[in-house]
Amino acid sequence: MAGRGRGWQREQLNGLHARAGAGASPYQRLGQRMRDITGDRGVLKEVIRAGAGEMVPQDASVLVKYSGYLEYMDKPFDTNWYRRNPRLMKLGEEITLQGMEVGLLTMKKGELARFLFTPSYAYGALGCPPLIPPNATVLFEMELLDFLDSAESDKFFVLTTEQQDTFPLQKVLKVANTEREFGNYLFRQKRFMDARERYKRASLILCRRPSNGDEQCQIDAAKLLVFLNLSFTYLKLERPFRALTYGEKALEIDKRNAKALFRCGQACLSLTEYEKARDFLVRAQKEQPFNHDINNELKKLASCYRDYMDKEKEMCCRMFAPLSFSPVEPEVKNPLQMKGTVP
């Protein structure tokens, strides 16, 4: 979609305008081939690229790229299309344009669609001066990158611990996964402290969950992902001891997990525990011999260890080097220069 850009939008509207004739505007012409999703033709939709999976639920948080256009205008009056990392927005709170929310609730992950919003679903009879004129019908193009069903997770965490423990396992796993996905989003935004809190919430409900043998495998699989996320996050926060702790927790679940071994190796390297770092990284390399990151970390370890040994050697040389003295011979006066003997 980003490749189409403004030129594509202008070409489409110019073509519609040329075919519309005196009795219909470009948007009216476009609306004739679009689907009515509200029953009153207030929001019309045309799918450009189909998505997959479930539709966006009520009160979800969405990652969406969008551009809003006025009729006969080439440039969008509002867009986030060129942002590298669009912001996660919650329906009903951060997305307040009614037509946009109605449209998003009909979309699936990966879908790209075009919408027409009449004034009652957009900016109303007054518009939004100076950008939006009164009674304006607007066109929005939206791409749903992802969404999180945050409503269920939000409701879960306002309950008491006792109430949470009555939920079935699948519900708990779903909430934990939502928290982890939120953490992943925050991590990508480099908000590492906030990401850590989301991961820890997921870890808390998973570690507290009593289970039998059949359920334990599902819980361990979920815990493994969270522990790996926490280990990486603590490395980013420059807290290697905590990173090592969660890396080792992950290894308790899967002792051959290459990511966990790698994170432990990174943490030990930061702690200058070179022997332990080498042990973890060699084990990780054994699991994934051609992993670029693991092999580079081993090279980094070798370089750090050489520097460390050079400094140790230099320090030892200074400590045990023989002391060199320059004895001062006593001054012997020339008897010929003694007082009274030389005129």
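Reader: How much space lies in the largest pocket?
Author: About 280 Å³, in what is a predicted model.

Reader: Which residues line the largest pocket?
Author: The lining is made of Glu54, Pro57, Lys109, Asp146, Phe147, Leu148, Asp149, Lys174, Asn177, Thr178 and Glu181. Two elements, E9 and H6, each give two or more residues to it.

Reader: And which element gives the most?
Author: H6 does, with 4 residues.

Reader: How many of the lining residues are nonpolar, polar or charged?
Author: In the largest pocket, 6 are charged, 3 are nonpolar and 2 are polar.

Reader: OK, cavities now. How many are there of 30 Å³ or more?
Author: The count is 4. The second largest cavity holds about 50 Å³ of space.

Reader: What lines that second largest cavity?
Author: Its lining consists of Leu63, Leu88, Asp146, Phe147, Leu148, Glu181, Tyr185 and Arg188. Strand E9 (138–148) and helix H6 (169–188) are the elements that give two or more residues to this lining. Asp146, Phe147, Leu148 and Glu181 are listed for the second largest cavity, and they are listed for the largest pocket too.

Reader: What is the split by class in the cavity?
Author: The second largest cavity is lined by 5 nonpolar and 3 charged residues, with no polar ones.

Reader: Back to H6. At what angle do H6 and H7 cross?
Author: At roughly 165 degrees, and their axes come within 8 Å. That angle makes H6 roughly antiparallel to H7, because anything over 145 degrees counts that way.

Reader: Left-handed or right-handed, the way H6 passes H7?
Author: The crossing of H6 and H7 is left-handed.

Reader: Which residues meet there?
Author: From H6 there are Val172, Leu173, Val175, Ala176, Glu179, Arg180, Phe182, Gly183, Asn184, Leu186 and Phe187. From H7 there are Phe192, Asp194, Ala195, Arg198, Tyr199, Arg201, Ala202, Ile205 and Leu206. By class, this contact has 13 nonpolar, 5 charged and 2 polar residues.

Reader: Next pair. How do H7 and H8 pack?
Author: Helix H7 (residues 192–208) and helix H8 (residues 213–236) pack at about 155 degrees, and their axes are 9 Å apart. H7 is therefore roughly antiparallel to H8. Their crossing is left-handed.

Reader: What does H7 put into that contact, and what does H8 put in?
Author: H7 brings Phe192, Arg196, Tyr199, Lys200, Ala202, Ser203, Leu206 and Cys207. H8 meets them with Ile219, Ala222, Lys223, Val226, Phe227, Asn229, Leu230, Thr233, Tyr234 and Lys236. The contact of H7 with H8 divides into 11 nonpolar, 4 charged and 3 polar residues. Phe192, Tyr199, Ala202 and Leu206 of H7 are among the residues that meet H8, and they are also among those that meet H6.

Reader: Changing topic to the backbone. Is the peptide bond from Pro129 to Pro130 cis or trans?
Author: That bond is cis, with omega near 0 degrees. Most peptide bonds are trans.

Reader: Where does Pro130 lie?
Author: Pro130 is in the loop between strand E8 (112–117) and E9.

Reader: What about Asp59, is its phi positive or negative?
Author: Phi of Asp59 is positive, near 65 degrees, and this residue is not a glycine. Most residues other than glycine have a negative phi.

Reader: And where is Asp59?
Author: Asp59 sits in the loop between strand E3 (52–55) and strand E4 (61–70).

Key: Residues are numbered from 1 along each chain as its sequence is written. This is a predicted model: local features need pLDDT of at least 70, side-chain atom pairs count only at pLDDT 80 or more; totals for chains, interfaces and linings use all residues. Side-chain values use heavy atoms; hydrogens and water are left out. On a 1 Å grid over the protein atoms alone, a cavity is a set of points where a 1.4 Å probe fits but cannot get out, and a pocket is an open set with protein on both sides within 12 Å along at least five of seven lines; lining residues have an atom within 4 Å of a point. Grid points are joined across faces, edges and corners, and a volume is the space filled by probe spheres set on the points. Ala, Val, Leu, Ile, Met, Phe, Trp, Tyr, Cys and Pro count as nonpolar, Asp, Glu, Lys and Arg as charged, and the others, Gly among them, as polar. Axes are lines fitted to C-alpha atoms, for helices over the stretch in contact, and angles run from 0 to 180 degrees between N-to-C directions. Angles under 35 degrees count as roughly parallel, over 145 as roughly antiparallel, 65 to 115 as roughly perpendicular and the rest as oblique. A crossing is left-handed if the near helix is turned anticlockwise from the far one by less than a right angle, and right-handed if clockwise. Contact means heavy atoms within 4.5 Å.
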